[in-house]
Amino acid sequence: MMWCGRVVLGTIAVVAMCLGLSAPRSAGIPAATAAAGGWALPTEPVTLNEWDGGDGTKSALLEELIAQYEKIHPNVTVKFETDVKSLKVAAAIAAGTAPEIFEASDANLQKYIAAKVVEPLPAAAWGQPSVDGVVALYLPHVLDAITSGHSLYAVPDQLNAHSLYINNRVFRAAGLDPVKDAPKTWDDIARLNKVLTKKQGDRVTQKGFEMRYVCDDGHWQAHIFHILVYQAGGEVIKDGKPVFNSEAGLRALTTWKSLVVAPGVTNNTCSSPYQDFAVEQDAMTFAGPHVGKIVERINPAMQGNYTVVPLPQLRPDRPATLIYSFNWTVNARASAAQKRVAWDLIHFLSSKPDLWWQRIQFLQGTKGWLTMPAARNTPFMSAFTHDLSVGKPLGRTTYYADLQSIIARMVDRVVLKDADPKSSLAEATDEFNRASAK
């Protein structure tokens, strides 16, 4: 897979072209109708269950759109459940009890595709004669990670790269300018931690920057480890094999350890992972474009009180980060009628990229998104497009769920329990080899 930013680093103008500025302003997914392009729907009552991972502001918009769909199709009932995490989805799939529609990350989808538990996307539901017609509606390579052979298995509800959010008030209180003094490297972050961290006695009351250690599946630790390894010039997985026990892996762990302040001082949870930044305990955090809306919902005083800059780097002359997606999928075990309605609903949901961006700043990777007025007028767009342009996908393996848990345990050993990084890298590699050999 080749991402645009890997070819054309450097100029925002070219980046913007890669991200869609050159596409026609009317480009994107055609608006859904009662049934797209002759995609016939059943007339008998159909009930669908849909599970979503949830993300602060997302659930309300999804519920609103589902209600609109049910109004158009009164014979359809959608039972929507939010805040469903990946471990629950995996367990339900294994037990044969997964819902007809469920959200899955691009990384976890590799296993589900190989196990044939998700249904290939039917191009006719998008009014297209072939899968190529659907792929052509999206930016180049956006759908690569959810494609196998010549079949497409999902479309993104969210495409993301992490940027750095800075609390303006806290920076200025420390005599810093959130733009001029914005960190460009992780060494800059470590230095700012000493300036911005405050204590009352032995109790930490304010932090500069802290990684996230929430979510039982190891989601955040796996993301950050990938980013640091990529920035150090390495890979995590190559040809399905672990290659992170390397100089790049070692540099990733030692860099991570240099940034630790007080991981136990946090109100972040898996359901609210940006809580510490929102309540102004942490002066900086990493997050995608959608997080500003979430932070403002948690703490309205944050509106206009943050700046977003590109994610810090290990080698600023060779910027790299991670790009990832969460996707709508259809359960292969659903009935024929449920599958037809499920894909029609997903087409309906994905045909409104302007609404998704305007309301909650969710990017779904359709062509022309950057030309939408709502996107063009978004603050800090140059930071978001820069980080999206230099992103690489997560390590591709059908054992990603094992990989992220193994990485999380490795990070915990090194960062929280002071274990030797080299030994932990070797131990994690052995763990992954054993898991993938089963």
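This is a predicted model: local features need pLDDT of at least 70, side-chain atom pairs count only at pLDDT 80 or more; totals for chains, interfaces and linings use all residues.

Me: OK, and what about the phi of Phe-380?

Reply: Phe-380 has a positive phi too, of about 65°, and is not a glycine either. You'll find Phe-380 in the loop between α15 (373-376) and α16 (381-389). Phe-380 is partly exposed, at 29% relative accessible area.

Me: Changing topic: how many disulfides does the count come to?

Reply: The count comes to one disulfide. Cys-215 and Cys-270 form it, with their sulfur atoms 2.1 Å apart.

Me: Which hand does the link of Cys-215 and Cys-270 have?

Reply: The link is right-handed, with 100° about the S-S bond.

Me: And what does that pair tie together?

Reply: Cys-215 sits in the loop between β9 (203-209) and α9 (219-231), while Cys-270 sits in the loop between α10 and α11 (275-278), so the pair ties together parts that are 55 residues apart in sequence.

Me: Is Cys-215 buried or exposed?

Reply: Cys-215 is buried, with a relative accessible area of 14%.

Me: Helix packing next. How do α17 and α18 pack?

Reply: Helix α17 (residues 400-416) packs with α18 at an angle of about 160°, and their axes are 9 Å apart. Angles over 145 degrees count as roughly antiparallel, and α17 and α18 are therefore roughly antiparallel to each other. Their crossing is right-handed.

Me: Which residues make that contact?

Reply: From α17 there are Asp-402, Leu-403, Ile-406, Arg-409, Met-410, Arg-413 and Val-414. The α18 side brings Pro-421, Ser-424, Leu-425, Glu-427, Ala-428, Glu-431, Phe-432 and Ala-435. By class, the contact of α17 with α18 has nine nonpolar, one polar and five charged residues.

Me: α10 also comes up against α18, I think. At what angle do those axes cross?

Reply: The axes of helix α10 (residues 247-258) and helix α18 (residues 421-437) cross at roughly 120° and come within 10 Å. The two helices are therefore oblique to each other. This crossing is right-handed.

Me: Which residues of α10 and α18 meet?

Reply: Gly-249, Leu-250, Leu-253 and Thr-254 in α10 meet Pro-421, Lys-422 and Leu-425 in α18. By class, that contact has four nonpolar, two polar and one charged residues. Pro-421 and Leu-425 are also listed in the contact of α18 with α17.

Me: Nice. What about α3 and α14, how do their axes cross?

Reply: The axes of α3 and helix α14 (residues 353-360) cross at roughly 145° and come within 10 Å. α3 passes α14 in a right-handed crossing. Lys-58, Leu-61, Leu-62, Glu-64 and Leu-65 of α3 make the contact with Leu-355, Trp-356, Arg-359 and Ile-360 of α14. Those residues divide into six nonpolar, no polar and three charged.

Me: And Leu-349, what does it touch?

Reply: Leaving out residues up to four places away in sequence, Leu-349 touches Glu-50, Leu-62, Leu-65, Trp-328 and Trp-356. Among these, Leu-62, Leu-65 and Trp-356 also take part in the contact between α3 and α14. Leu-349 lies in helix α13 (residues 336-350) and counts as buried, at 0% relative accessibility.

Me: Last one: where is Gly-54, and what is it in contact with?

Reply: Gly-54 is in the loop between β1 (46-51) and α3 (58-72). Apart from neighbours within four places in sequence, Gly-54 is in contact with Ser-59, Thr-82, Asp-83, Lys-85 and Glu-103. Its C-alpha atom is separated by 6.9 Å from that of Val-84, which is 30 residues away along the chain. Gly-54 is partly exposed, with a relative accessible area of 24%.

Methods. Residues are numbered from 1 along each chain as its sequence is written. Side-chain values use heavy atoms; hydrogens and water are left out. Axes are lines fitted to C-alpha atoms, for helices over the stretch in contact, and angles run from 0 to 180 degrees between N-to-C directions. Helices (H or I, at least four residues) and strands (E, at least two) are DSSP runs, numbered from the N terminus. Angles under 35 degrees count as roughly parallel, over 145 as roughly antiparallel, 65 to 115 as roughly perpendicular and the rest as oblique. A crossing is left-handed if the near helix is turned anticlockwise from the far one by less than a right angle, and right-handed if clockwise. Contact means heavy atoms within 4.5 Å. Ala, Val, Leu, Ile, Met, Phe, Trp, Tyr, Cys and Pro count as nonpolar, Asp, Glu, Lys and Arg as charged, and the others, Gly among them, as polar. A disulfide is a pair of cysteine sulfur atoms within 2.5 Å. Buried means under 20% relative accessible area, exposed over 50%, partly exposed in between (1.4 Å probe, protein chains only).
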